Each structure stands twice: as structure tokens, then as C-alpha cells.
Amino acid sequence: MRLIRLYKDYEANVPLGSIANFNNNFQADIVLKPNSQLALQSIAIDTVDVAFTIDSSNNRVQWGITDEAFYDEFLIAPGDYNSTNVNLLTDRLTEDFNASTTFDIYNDAVSLLPYYLGIEWLVEINKNAGSKLDIGYKIGDLYWTDASKLIRAANVNIADVDDDRKTFSLVSPDNAYASAEFDKCIINQKYLSKGCGCVRAQGMKLDDNQGPGSNGQGYIVGLVNDPTIAPEDLELSDIKYGIHYTIFQTGIRKYQVIINGVRSSAGDENPIYTEESADNDIQEVMINGEEIFFNIYQNGVAQPYVLNSDEGIGLGNGGVVPYDGDPLYPVLVFFSGDDYVIVDNFISNESQYQNNPTVPDNYYPTFGHALQPETVENGAGLAEISENYLEFETGEIANFLGYDDRIIGPVDTGPSARSADESRDYIAQGENKFNPDYFADSFLVELKNIPLDSFDGLKEARKNVLAYIAHSDADGSFNYEVNNPIFVDLNNKKEILLRNVEANLLYGDYTEFGINSDATMVLLIKEKGE
């Protein structure tokens, strides 16, 4: 039996210097006789992937996305982070970026308001970029709802207007259908952009159907958590957030707010209404950072009327309605036939992540008097989404995340002005890599130049794997010793002369294993019959 000790000299900031890649040359021939066997004896690495502490001294992040001198910021949740809990960090960063994507609807600089509509952030480990951190945002375009994405009750009618615009109404046998049930509905199966997404509707006809009180009048535009609900099963309790545009008595139209399946009292604001008028109110339920806003856009008014602050509705808590970051799906519910209720401009900002909405080139529709994304520089000095940057509080945290500099940007991976395929990605370029925790506590030793009779179900093929290891590196080290070495047959019918031995310690999914100190690996060779 013979012993081979492999040694890895750690070199910071050198290609392959910070991964457990052993490659040693020997000044003598190592003869592996036919049908020899190899085993792993031990691995010793004192420092691997040391956790980085994020606290109040380094957790501030600033970002900007327009060519104006405005920025937003947030604080990363304090904690110790490394590659084994990187998914916790990416989830928190995704939530934090989206929660900070807000605008003040009362800001006098109205030109600044539209640019966040539809924006959603996603922070993830980009394996295509070498397991580097990827901070990105995309813009879900404000557009008419595609009928093919809807779960629709049979009695809901969709009529073409122009281009992709549709008008929605309820058709019943005598056009006098009146009910307080929720089964006359449509649900969009694509969720809103989580940073600043919205769903809108505009009532073109809202007449008294002499139905069962205000609960059986008008329509509801809102959001649900579950897009798979069958129309016949939808109930008030399924409406997470919504606006009920209803009639309390003949000629008296009012707004109510729905939160977690509970209707509020009627608001003080009186809707502006003329049958079939494009100047009618537009209702909007909006994700505004980490809050939900219930907005009413009225013709001739620059800023929306916010039902959160309506004293008649009386939401309490200063009108603040928290948003938890879960996906939300648009819903439209009718309580009467099209002789009484017709809805236009049922539109939303669908998330560009996973949804991949298709929007025509040069679409740029307008939606009446409601705020909408600007598409190009219009000569009035309005900001465009073009300049963009990230700024971390310290160089140390930037380096830990894999960025060479504390300030990153501008990054130009999309057109300079807002358009249907607008996106930005800040992909880390530094040495630091992350490995998601899917294969946590699962490692393997792969020989690069010695054939072994070993097989791997993950790859569904023969691999030169000497050992599969169930071990933890949570304490910042990897020290592993086998009490009873398990020998693996070499796949050699003739003698093999070695002057070089190359072996890798890898994660269980074959991604590279990072180290921050020198490392050793001990192998045992046994000839047939020993």
C-alpha cells in the first residue's frame, strides 16, 4: 500500500487559486499496476468561505435608475452570510430592492412619478455567469390584458375595441342578472411586477340593477393570491386587495376598499361618471414598494385620489396597507349584465420575470388621464430610465458580494429609453463565487487524470469520482478523515505511469469549492491482492 499527499498552496486573486483544485507534479514515476485500487484517506482545509458579517456599519445600499439626480436606498438585514446561506441573502435583497421601489404620489414633480411603474427586482446566483451574484431589474409594461391569459367565467363577454384593447361585461339571458355572488369573474394567471405593479379598470357603464343591495351592484377590480381558482369557486374571502365600484342608491355611486376579504365602509369621494365617457374615473390597485395603494384617477386632476386616506373608508393605521411581497394576480368581478355594467381598460403591469409577457413593438398606448410610463424623451425635461447605478456602503461588502468596486454602473444592457424589452443586470465580476445550498453538506472528490470504475446518477454516466462525502463546512473549515477507507477499482488493464496527480474537491453538483487557506488531500494506493 502506498500513500500520496496532495498539496494546494492558496493564492488569493489568482485564477484557480481560491478553489480546491489539487495539481501536483512528482519527481518520480508512480506506477499503478493493473487492477489497482485507490481510496481517500483525508482532506484538511482550515479556512473555507468565511462568513461575512453585515451590520449597521455596512448595510446601506443606494440605487438609481433615471438620468435625474434621484436615488432610493435600503438597509440589508444584519446577519452572517456565506455561500451556504446565500439564498437567504438573495431573497432578502430581492425583497429590499422591491420594497424600496416607491414613489410619492403627492410629489409636485409629477414628471418623476411614472418611471417606476412596472419595475421589479430579482437578485439571484447566475450559474451561467460562473455562480456570480446577479442583481437585476426588468420592467413589466402597462398593457391591455391578453384574453388568453385569463381564467374566465362563461358568461363574461370580451369585445374588441381597437388594437389589443378589450371591453369586458357580463352577459346573462335577460341582461338583468343581479347577484352578490363572485362567480361572474375573470382572473389573470400572470402576476404583477412586485416592485411597483398595478391593475386598473375604467367603468364605462354603471347603472342600478335593482339588485340585492350595494354588494350586488357594479364591479370589483382587485388582486388575488391564487390564480388557479375556478370562477365558480371565487369568494369574497379570496380577494386580497380590491376596489368595489358600486351603487348605494339610485344615482349615488361610491367606492369601497377590500382588504383580506373584508369590505370597508363607503368612501366620501363621489365618482365622476357619464355613461360611455372616456373621462370616467379609472380605479387602480397598486403595489407601491412595501405598501398597497387604492387609487382613483379623475379627469383633469394631475394626481390620484388615494382611498387609503378617505375618512369614510376609515382604514386606520394612517391608511398604510402592508404588502408582503407574495405574487398577486389581477381579478375583475361583475355583479350584473351589460345593460348595467361595462368595463374598459382592464390593464396591468405583468412581471417580466417568469411571466415573459408579449407586448407589440411600438405599442405605447395611452390610458386616459391616469399616470402611465413615459416612453421617450418628450422635450419637456422628463427623466428617462437610462442612467443607472448601485452603491454599497463599503468596499468590503461590495467585494464580498463579488463586485470589484463600491459603486457599480451605469450598466447598459437594454435600450436607453423605456421600451418593452427594458432590463438591467449588475453581474458581479470579482473573484467571489457563491454556491446555492441545494447541495449543502454534499461533496465529492473527482480525479482528473486517473480512470476509476465509479458512476454518478446525477450525471447518469461513469465519472472518475473517488469519494462522495456527507460532511458539513458550516464552521468555516473542511477537515475530513476516513476511519475505514473504501477502495475503488481503477479502470486500467495495463500499468499507468504517473508523474502528475490532479484531483478536485467539489460540491455535490460539481460546482467548484472555494478555499481561503492552504489545503491537503491524502490518497491511498493498493495493488491487487494486498
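Biologist: Which residue of β33 is the bridge partner of Leu38?

Modeller: This is a predicted model, in which local features need pLDDT of at least 70 and side-chain atom pairs count only at pLDDT 80 or more, while totals for chains, interfaces and linings use all residues. Residues are numbered from 1 along each chain as its sequence is written, and side-chain values use heavy atoms, with hydrogens and water left out. Strand β3 (residues 37-45) is joined to β33 (residues 488-489) by 2 bridges, and the two run antiparallel. Within β33, Leu38 has as its bridge partner Val488.

Biologist: What counts as a strand, and how many bridges join β3 to β35?

Modeller: Strands (E, at least two residues) and helices (H or I, at least four residues) are DSSP runs numbered from the N terminus, and two strands pair if DSSP finds at least two bridges between them. In β35, Leu523 stands opposite Leu40. The strands β3 and β35 run antiparallel, and the number of bridges joining them is 8.

Biologist: Which residue of β32 is the bridge partner of Ala44?

Modeller: Strand β32 covers residues 478-481 and pairs with β3 in the antiparallel sense over 4 bridges. The partner of Ala44 in that strand is Asn479.

Biologist: Why is β3 described as largely enclosed by the rest of the structure?

Modeller: A residue is buried under 20% relative accessible area, exposed over 50% and partly exposed in between, with a 1.4 Å probe and protein chains only. Strand β3 is largely enclosed because the buried residues among its 9 number 8.

Biologist: In what order do the strands of the open sheet with β5 and β25 lie?

Modeller: The edge strands are β6 (72-75) and β26 (407-408), each of which pairs on one side only. Strand β5 (residues 60-64) is joined to β6 by 4 bridges, and Gln62 stands opposite Glu73 in β6. The pairing in this sheet of 4 strands is antiparallel, and the order is β6-β5-β25-β26.

Biologist: How many disulfides does the model contain?

Modeller: A disulfide is a covalent bond between the sulfur atoms of two cysteines; the rule applied here is a pair of cysteine sulfur atoms within 2.5 Å. By this rule the count is 0.

Biologist: How far from Cys196 is the nearest cysteine sulfur, and is Cys196 buried or exposed?

Modeller: Cys196 is in no disulfide, and the nearest cysteine sulfur, belonging to Cys198, is 7.6 Å away. With a relative accessible area of 0%, Cys196 is buried.

Biologist: How many helices and strands does the protein have?

Modeller: Of the 530 residues in the protein, 54% are buried. Among contacts between residues at least 6 apart in sequence, 74% join residues at least 24 apart. The elements of the protein are 2 helices and 35 strands.

Definitions and conventions:
Contact = heavy atoms within 4.5 Å.
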